[in-house]
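Hello,

Here is the structure I promised to pass on to you. Please open it beside this message, and then read on for what was found in it.

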Protein chains: 2
Amino acid sequence: MEAQTSTKPTAEKELFIKMVISNWELQNIRVSKLIAKLSDEQMATPTAPGRNTGIWILGHLIAVNDGMISLLGLGERLFPELEAGFTGEANKPGVATPPLAELKKQWDTLNAKLTEYFSALPAEEWFTRHNSISPEDFAKEPHRNKLNILINRTNHQSYHLGQLIYLDKK
Amino acid sequence: MEAQTSTKPTAEKELFIKMVISNWELQNIRVSKLIAKLSDEQMATPTAPGRNTGIWILGHLIAVNDGMISLLGLGERLFPELEAGFTGEANKPGVATPPLAELKKQWDTLNAKLTEYFSALPAEEWFTRHNSISPEDFAKEPHRNKLNILINRTNHQSYHLGQLIYLDKK
């Protein structure tokens with residue numbers, strides 16, 4: 001009986017983790033396919049008049065998702081040099097943008113590393129607090145856990161995918 | 001012991017459900033705030049040259065989210081008249097667009113109804129199959145359940161929010 005009580009919750013947690021991770025993977029595939037399809041010239045274009053370019057958005061997605069590594073207590077950012085220029089809302093004047101080819105490699109490297117970290121994280125750990133919420137607040141709002149961060153960052157990525165798609169021919 | 005085994009999984013399921021629903025609610029708040037802020041003229045403008053207008057995107061979000069009602073076996077669509085014109089990818093020529101004021105009311109009515117349906121759905125039901133997956137496929141992929149649909153539709157909404165934001169002054 002004890003064995004059943006301790007395996008059942010983990011199997012449920014694992015199902016839920018799979019739901020969230022598979023949605024994240026789906027959004028990754030969509031971004032990866034799109035940036036592979038777009039030309040360098042298209043990626044350098046603003047997604048709408050006066051708005052961020054494809055290159056900036058890609059750097060932004062890398063920087064924000066890279067931030068999950070420390071936020072979830074998994075390790076250190078892979079590309080700390082992107083943090084200053086790409087974690088805000090828009091292009092900052094004077095911020096050096098890495099070449100697109102480099103960003104594309106960083107995107108792939110990051111997703112491989114996140115996949116590795118996520119696969120290794122025990123199911124129960126996903127339901128503990130992340131590093132941006134205090135223990136007091138987490139006690140009151142236990143749904144604001146590490147897995148919730150991944151749900152949130154996946155939505156953030158979808159938001160920007162809706163903008164990136166505007167670089168594609170109609 | 002029996003009581004504990006049966007309450008524990010439901011409490012976990014309830015936590016997962018809360019995580020997903022709170023992210024959906026957050027995206028709803030963001031869309032609602034934005035459409036309240038934008039003028040009728042801004043909403044009638046293409047979100048980028050040659051792309052969908054704010055009005056079309058709002059109709060689309062209503063139609064797609066309304067589709068969850070039947071997909072999750074909760075009842076019938078509230079606004080079936082929107083399905084033909086607004087569940088595809090773009091404006092279809094000759095499709096009548098309801099007035100913006102009417103769409104805004106429908107958006108609020110829909111979210112209130114979905115909240116009501118979601119609150120009433122027992123926790124275990126969220127982890128059963130939805131109406132677009134066969135029992136055979138669901139047996140192989142149990143993560144493709146009703147709650148997963150809500151995760152997916154929330155990402156879809158975020159995608160279009162990233163486009164709607166382009167109607168806002170910079």
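This is a predicted model: local features need pLDDT of at least 70, side-chain atom pairs count only at pLDDT 80 or more; totals for chains, interfaces and linings use all residues.

A polar contact here is a pair of N or O atoms within 3.5 Å; within protein, one must be able to donate a hydrogen and the other to accept it, and residues adjacent in sequence count only if both atoms are side-chain atoms.

Residues are numbered from 1 along each chain as its sequence is written, chains are lettered from A and ligands numbered from 1 in the order in which they are written, and side-chain values use heavy atoms, with hydrogens and water left out.

Back to B:His130. This residue is found in the loop between helix 5 and helix 6 (135-140) of chain B; helices (H or I, at least four residues) and strands (E, at least two) are DSSP runs, numbered from the N terminus. B:His130 has a relative accessible area of 6% and is therefore buried. The cut-offs are under 20% relative accessible area for buried, over 50% for exposed, and partly exposed in between (1.4 Å probe, protein chains only). Leaving aside residues up to four places away in sequence, B:His130 touches B:Leu71, B:Leu72, B:Arg144, B:Asn145, B:Lys146 and B:Ile149, where contact means heavy atoms within 4.5 Å.

Now for chain A as a whole. Chain A has seven helices and zero strands, giving the pattern α-α-α-α-α-α-α along the sequence. Its C-alpha atoms fill a box of roughly 60 × 30 × 25 Å, taken along the principal axes. Of the 170 residues of chain A, 52% count as buried. Among contacts in chain A with a separation of 6 or more, 70% come from residues 24 or more positions apart.

Next, the inside. A nonpolar core is a set of buried Ala, Val, Leu, Ile, Met, Phe, Trp, Tyr and Cys residues joined through side-chain atoms within 4.5 Å. The largest one has 93 residues, and those touching the most other members are A:Phe16, A:Phe118, A:Trp126, B:Phe118, B:Trp126 and B:Leu147. In both chain A and chain B, helix 1 (2-37), helix 3 (54-71), helix 5 (100-120) and helix 7 (146-164) each supply at least two residues of this core. In soluble globular proteins, nonpolar side chains tend to be buried together. For a look at one member, B:Leu147 touches A:Phe16, A:Met19, B:Phe16, B:Ile17, B:Val20, B:Trp126 and B:Phe127, not counting residues up to four places away in sequence.

How many residues does the contact take from chain B and from chain A? It takes 42 residues from chain B and 41 residues from chain A. The area buried between the two chains is about 3,800 Å², with carbon and sulfur atoms giving 61%; buried area is the accessible area (1.4 Å probe) that two parts lose on being put together, summed over both. On the chain B side, B:Met19, B:Arg51 and B:Tyr166 lose the most area to chain A, together 19% of what that side buries.

There are also 15 residue pairs in polar contact between chain B and chain A (both at pLDDT 80 or more). Helix 1 of chain B gives the largest share of the side that touches chain A, with 15 residues.

Two salt bridges are counted between chain B and chain A, a salt bridge being a side-chain nitrogen of Lys or Arg within 4 Å of a carboxyl oxygen of Asp or Glu. In one salt bridge, the side chains of B:Lys13 and A:Glu12 meet (2.6 Å, N to O).

Over all chains, the structure holds 14 salt bridges. One joins the side chains of B:Asp168 and B:Lys37 (2.9 Å, N to O). This pair links distant parts of the chain, with B:Asp168 in the segment after helix 7 of chain B and B:Lys37 in helix 1 of chain B, 131 residues apart. B:Asp168 counts as buried at 15% relative accessibility, whereas B:Lys37 counts as exposed at 55%.

Happy exploring!
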